Amino acid sequence: VWEHYWYTGDKKWLKKVWPAVWKNLQGAFAFIDNNGLFTADFWNFFDWARIDQDHECVLHNSMFLVGAMDAAVQCAVALQKDRIADSLKKKRRELASAINHLWNRKRKCYPDSIHEDGTISPSASQHTSFLSLLYDIVPARCRRYAIRNTINPSPTTIPVGSPFAMMFLLEAMEKLGREKEIIQSIRNDYTPMLRLGATTVW
């Protein structure tokens with residue numbers, strides 16, 4: 001919704017759809033658990049990769065909710081709904097704090113999930129690092145490690161597995177000023193498909 005308004009400047013449309021945006025956020029907030037994280041018994045899928053995401057509490061979902069709140073704050077400001085914007089900023093800070101509570105100081109990364117028995121996932125993916133950068137979640141003291149996990153992930157870090165997730169990775173890289181790496185990534189991933197005559201993304 002925010003991107004559509006940013007592109008078109010259609011405030012009449014934004015005002016019309018705002019109630020649906022607000023209702024959607026209220027629905028999402030109902031799934032915040034006692035740890036302050038988004039937790040829901042859904043198919044919590046993001047990417048065709050070996051992310052440890054078959055659980056109710058998957059960290060990338062909480063990060064996406066932070067991104068959604070950021071977008072909603074921008075919508076609210078455009079509509080001069082300052083009190084709502086302020087309340088969303090407060091909720092955003094609380095959610096980001098809960099996410100950062102899970103930063104693994106030893107491994108310098110976020111875990112993929114929290115298992116139903118409360119166990120912290122031993123798995124870490126590239127996804128949580130680039131989403132934490134994209135949505136300005138990662139604290140300054142950890143930022144260089146999140147950048148490393150994004151640009152040059154270790155062999156034990158689960159990499160991006162499909163073009164859908166790649167869009168978010170490339171957007172984070174653009175934010176970091178890594179345009180050359182973006183072009184090289186597209187060249188590396190798309191050239192094999194083109195050479196084999198593909199007419200759409202696999």
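Me: Which helix does Ile 183 lie in?
Reply: This is a predicted model, so bear in mind that we're reading computed coordinates. Look along residues 179-195 and you'll find Ile 183 there, in helix H8.

Me: Is Ile 183 buried, partly exposed or exposed?
Reply: Buried would need under 20% relative accessible area, and exposed over 50%. Ile 183 comes out at 47%, so it counts as partly exposed.

Me: Where does Ala 124 lie, and is it buried or exposed?
Reply: Ala 124 lies in the loop between strand E2 (113-114) and helix H5 (126-134). Its relative accessible area is 2%, and the cut-off for buried is under 20%, so Ala 124 is buried.

Me: Which residues is Ala 124 in contact with, leaving aside neighbours within four places in sequence?
Reply: Part of the list is Arg 107, Cys 109, Tyr 110 and Asp 112.

Me: How far does helix H4 reach from its first C-alpha to its last?
Reply: H4 covers residues 82-100, which is 19 residues. At 1.5 Å a residue you'd expect 27 Å, and the helix is close to that, reaching 27 Å.

Me: Which helices are included in what covers the buried residues of H4?
Reply: The buried residues of H4 include Leu 88, Arg 92, Leu 95 and Ile 99. Among what covers the buried residues are helix H2 (11-29) and helix H3 (59-78).

Terms used:
Residues are numbered from 1 along each chain as its sequence is written. This is a predicted model: local features need pLDDT of at least 70, side-chain atom pairs count only at pLDDT 80 or more; totals for chains, interfaces and linings use all residues. Side-chain values use heavy atoms; hydrogens and water are left out. Helices (H or I, at least four residues) and strands (E, at least two) are DSSP runs, numbered from the N terminus. Buried means under 20% relative accessible area, exposed over 50%, partly exposed in between (1.4 Å probe, protein chains only). Contact means heavy atoms within 4.5 Å. The expected span of a helix is 1.5 Å times one less than its number of residues.
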